[in-house]
Amino acid sequence: MELATAGSTATDSSKNEISIGLSSDADFTIPPVAKSPNDCIVGPTDDERATNRPSWHSSNNSNNSPRKQKRKRDAVGATSFSDSSFSNAIGTFLSSGCCVIPNAVLPQEFVEGALDKATNDLNLLQKEMDLLRERAIQTQDANLLAQVGRGDFRELVDRDGGRRDVRFQLDRYPFSARGLIYNPIVFPLVQELLGGGEANISLLYAGVMWARPSQNDEPQKWHADGGHLFDHIHLPPHCINVFFPLVDISKENGFTEFIPGSHQLGSFCEQNGGDQKKFGLCCEAGGAVLFDYRLKHRGGSNTSTTSRPVLYLAYAKPFFRDMGNTRSEKSLLGHSPKSSPISSSPPWVSRILQGNAANMGQGFENEDRTTDSKQDGVNNSSTEIGSGERWVLFRMNVELPGCAEDNKTITVYHGDIASEVSAQGDSTANGQFSRHIVEERVSYVAD
C-alpha cells in the first residue's frame, strides 16, 4: 500500500471560489477541492507528535489549550489560523469534505486490543443470531425469522455492500478510552471544525463497521449520511464521521470512496454524479479518515479473503440529533436457553463531551478497574434510546494539584464513566485527576 507522508500534502493559498459557509473577510486560506488522494493527506509533524507533548494545535501556542486562544472569528464561528499543519487540515476538510491522517493516531498495542475485542464481539453476536434463527424456525415465527434474515437488531445491523454494523458494549474499554474519544490528534481537529472556542460537542454514536469478504458483493450505493440543515445556505460542518481502521485499508478489502466537494450545498448532481472526481482513501491500521456527514461516499466491495473492521465515531454539535439513521430497539441478546452468559450491552445514548484533548501518547491505558457487574449496574440503568439528554447527578468544587485556579467545578452525570469525568480535570491537574477519579470511583455514585 503506497501512501504519501503528511508533509507532502499539496495546498493552494488562493481562496476557493466555492462557498464553504465562511464570511468573505475570514482570514483563512482554503485549497481547491482535492483531485487525488494525496490532496487529502493531513497530519501533525513528527515534532508535534512527540510523546507527552500537548495535543495537536495546542502545542503551537503558549496557553496549552486551543479553547483559551484569542482568535479572529467570523459570523458563523470560523477561526483564523497561521499557516501550519493544523490550518492545512482545517482548510482541506472544509474544501473537500474529507481528509486522511495515514500515519497512526492510535498506538499499535491499543489497535490490536480493539481488534481482538471487536472480533470477539462479532463472533459472540453471530452465535446469538444463529441461536435466534434456530428458535424462529422451531417456533415458526415468521416475523422473527425475517428480522434475523435482515440482520436488524440494536447491537448488529446488516447493510448493503457486505457491511455489518456492530454497536456492542461501547461503554467498555477500549471503546471508552480517553485517548480514543479525546484523541490528541483527531479531537482538536474535530472540535475546531464544529465551532471551536468554548462550544461543547457531542459524541453522537460509535461502533465497528465490518466489510465482509465476498467476490459477488457490489459496492454500496453513493449516499450521504445526512443532509444540510438549511436548503438556502451552506454552513460549516454540524456532524463529522471519524474512521479508525483496525487493519490496513486498501482497495482490495473495501476502502471507502468519496466524491470530494459533494458536501457543498448544490454541488452534487444525482444525474451527473458519474462525471465528478471520486476516489478511495487508503489508511494504515491506527490512522484516521474524517469526513463531513453531508459528503457523498460509498463503501467499496471487499474482494480480499478477510473481513475489514473500522472503528467509527460520529461527533456533532450538541443540538444535532440524527433522525434518519435509526436502529431497531430489539436486542439480539438473551433470547435462547442455549445462549452463553453475556454481560448485557446498554442502549447507546449520545453524550456531550466536556473534556480536553489528551496529550500525545496518553489516555490509552485501561482505567476501568470495576467489575462487569458494577459496570452493568450503572450503565444499564438507563433505557433511553439515543435521547442525548444528560441527567446531572451533582457538581462539586475540587482542589486540583498544579491548578492555577483555587478550585474547579466537576460535573457528574448519570451514566458517566471514569475517563469521561476525569477528562474534565486533567488539563489543569497534570494528569493526576484521572488517578483520583478512577481510584475513588466518583463516576459510580449512581449506585
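D130 pairs with R133 in a salt bridge, and their closest N and O atoms sit 3.1 Å apart. By salt bridge I mean a side-chain nitrogen of Lys or Arg within 4 Å of a carboxyl oxygen of Asp or Glu. Before I go on, the ground rules. This is a predicted model, where local features need pLDDT of at least 70 and side-chain atom pairs count only at pLDDT 80 or more, while totals for chains, interfaces and linings use all residues. Residues are numbered from 1 along each chain as its sequence is written, and side-chain values use heavy atoms, with hydrogens and water left out.

Back to D130 and R133. Both lie in helix 2, residues 108-139. They are three residues apart, about one turn of the helix. Helices here are DSSP runs of H or I with at least four residues, strands are runs of E with at least two, and both are numbered from the N terminus. Now accessibility. Buried means under 20% relative accessible area, exposed means over 50%, and partly exposed is in between, with a 1.4 Å probe and protein chains only. D130 is at 36% relative accessibility, so it counts as partly exposed. R133 has a relative accessible area of 30%, so R133 is partly exposed as well.

How many salt bridges does the structure hold? It holds 11. Here is another one: the side chains of R164 and D158 meet at 2.6 Å, N to O. Is R164 buried or exposed? R164 counts as buried, because its relative accessibility is 6%. Salt bridges with shared partners join D158, R164 and R212 into one network. Then there is D171 with R172, where the closest N and O atoms are 3.5 Å apart. D171 and R172 are both buried.

Next, the backbone. Most residues other than glycine have a negative phi, and most peptide bonds are trans. Where is there a cis peptide bond? One joins Y173 and P174, with omega at about 10°. P174 sits in the loop between strand 3 (163-166) and helix 4 (178-181). Q169 is found in the loop between strand 3 and helix 4 too. Q169 is not a glycine, yet its phi is positive, about 50°. At 7% relative accessibility, Q169 counts as buried. N52 also has a positive phi, near 75°, and is a residue other than glycine. N52 falls in the segment before helix 1. Its relative accessible area is 48%, so N52 is partly exposed.

On to helix packing. Two packed helices are described by the angle between their axes and the distance between the axes. Take helix 1 (residues 85-96) and helix 5 (residues 186-193). Their axes come within 11 Å and cross at roughly 55°. The axes are lines fitted to C-alpha atoms, for helices over the stretch in contact, and angles run from 0 to 180 degrees between N-to-C directions. Helix 1 and helix 5 are therefore oblique to each other. For the cut-offs, under 35 degrees is roughly parallel, over 145 roughly antiparallel, 65 to 115 roughly perpendicular, and the rest oblique. What is the handedness of the crossing? Helix 1 passes helix 5 in a right-handed crossing, meaning the near helix is turned clockwise from the far one by less than a right angle.

Last item, L229. It lies in the loop between strand 4 (201-211) and strand 5 (239-245). L229 is partly exposed, with a relative accessible area of 35%.
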